[in-house]
Amino acid sequence: MIEQVGQAVEALKRTDALPVQEHRHTYTLDINSSKTFLRMFAMLGCIFLQAAFIYRISENNRLLAANDLKYRYVKMCGKIGEKELTELETIFRDEQHTAIRDTVRNQVERYEEAVRRRAEQLEQASIKERKAYKLLQDAEHLRKK
């Protein structure tokens with residue numbers, strides 16, 4: 001009998017004699033489990049809070065963009081009265097005035113582009129004036145020699 005046990009042990013030591021065992025892992029999602037239910041509820045709550053946070057941020061950004069455009073319009077006009085300011089607030093508050101808002105935006109953008117071009121022209125004129133003055137000084141210096 002000891003010899004049979006020894007032979008069985010020897011047979012098991014050889015790797016080619018071992019039968020192949022297949023392992024299958026099965027994962028189940030059981031709603032009845034309190035841990036699973038709580039995790040799903042917590043994830044749903046997080047998703048809801050993130051959606052609300054994103055919506056609130058987008059609303060704030062929309063209001064900031066509208067306020068920025070109003071400020072740029074007032075800056076374009078230079079001086080604005082109380083009546084015009086009230087009309088401007090009404091235009092941006094009501095949803096039915098989208099065409100007027102687009103007109104205001106276009107006016108502001110054209111004005112800012114004109115101001116930018118004028119600033120570039122003035123800068124170029126200043127640079128040319130400095131160059132001309134330097135050339136004039138160089139000419140004066142050469143005449144004295």
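**Close-up 1. Helices α2 and α3 pack at an angle of about 150°, their axes 11 Å apart.** Like the other views here, this one comes from a predicted model. With over 145 degrees counting as roughly antiparallel, α2 and α3 therefore land in the roughly antiparallel class. The crossing of α2 past α3 is right-handed. On the α2 side, the residues making contact are Ala-66, Leu-69, Lys-70, Tyr-73 and Val-74, and on the α3 side they are Leu-85, Leu-88, Glu-89 and Phe-92. Sorted by class, that contact comes out as seven nonpolar residues, two charged ones and no polar ones.

**Close-up 2. Lys-70 of helix α2, a charged side chain seen with its contacts in α3.** Is Lys-70 buried or exposed? Its relative accessible area is 10%, and buried means under 20%, so Lys-70 counts as buried. Skipping anything up to four places away in sequence, Lys-70 touches Leu-88, Glu-89 and Phe-92.

**Close-up 3. The largest nonpolar core has nine residues.** They are Ala-66, Leu-69, Tyr-73, Met-76, Leu-88, Ile-91, Phe-92, Val-104 and Val-108. Which elements give two or more residues to this core? Those are α2, α3 (82-93) and α4. Helix α2 supplies the largest share, four residues. As background, nonpolar side chains tend to be buried together in soluble globular proteins.

**Close-up 4. Helix α2 (residues 34-77) against helix α4 (residues 98-144), at an angle of about 55°.** The two axes sit 10 Å apart. That angle makes α2 and α4 oblique to each other, and α2 passes α4 in a left-handed crossing. From α2, the contact takes in Leu-69, Arg-72, Tyr-73, Lys-75 and Met-76. Facing them from α4 are Arg-101, Val-104, Arg-105, Gln-107, Val-108, Glu-109, Tyr-111 and Glu-112. The class tally for this contact is six nonpolar, six charged and one polar.

**Close-up 5. Ile-100, a residue of helix α4.** How is Ile-100 classed by its relative accessible area? At 40%, Ile-100 is partly exposed. For a sense of spacing, pick out Asp-68 too: 32 residues separate Ile-100 and Asp-68 along the chain, and their C-alpha atoms are 16 Å apart.

Definitions and conventions. Residues are numbered from 1 along each chain as its sequence is written. This is a predicted model: local features need pLDDT of at least 70, side-chain atom pairs count only at pLDDT 80 or more; totals for chains, interfaces and linings use all residues. Side-chain values use heavy atoms; hydrogens and water are left out. Axes are lines fitted to C-alpha atoms, for helices over the stretch in contact, and angles run from 0 to 180 degrees between N-to-C directions. Angles under 35 degrees count as roughly parallel, over 145 as roughly antiparallel, 65 to 115 as roughly perpendicular and the rest as oblique. A crossing is left-handed if the near helix is turned anticlockwise from the far one by less than a right angle, and right-handed if clockwise. Contact means heavy atoms within 4.5 Å. Buried means under 20% relative accessible area, exposed over 50%, partly exposed in between (1.4 Å probe, protein chains only). A nonpolar core is a set of buried Ala, Val, Leu, Ile, Met, Phe, Trp, Tyr and Cys residues joined through side-chain atoms within 4.5 Å.
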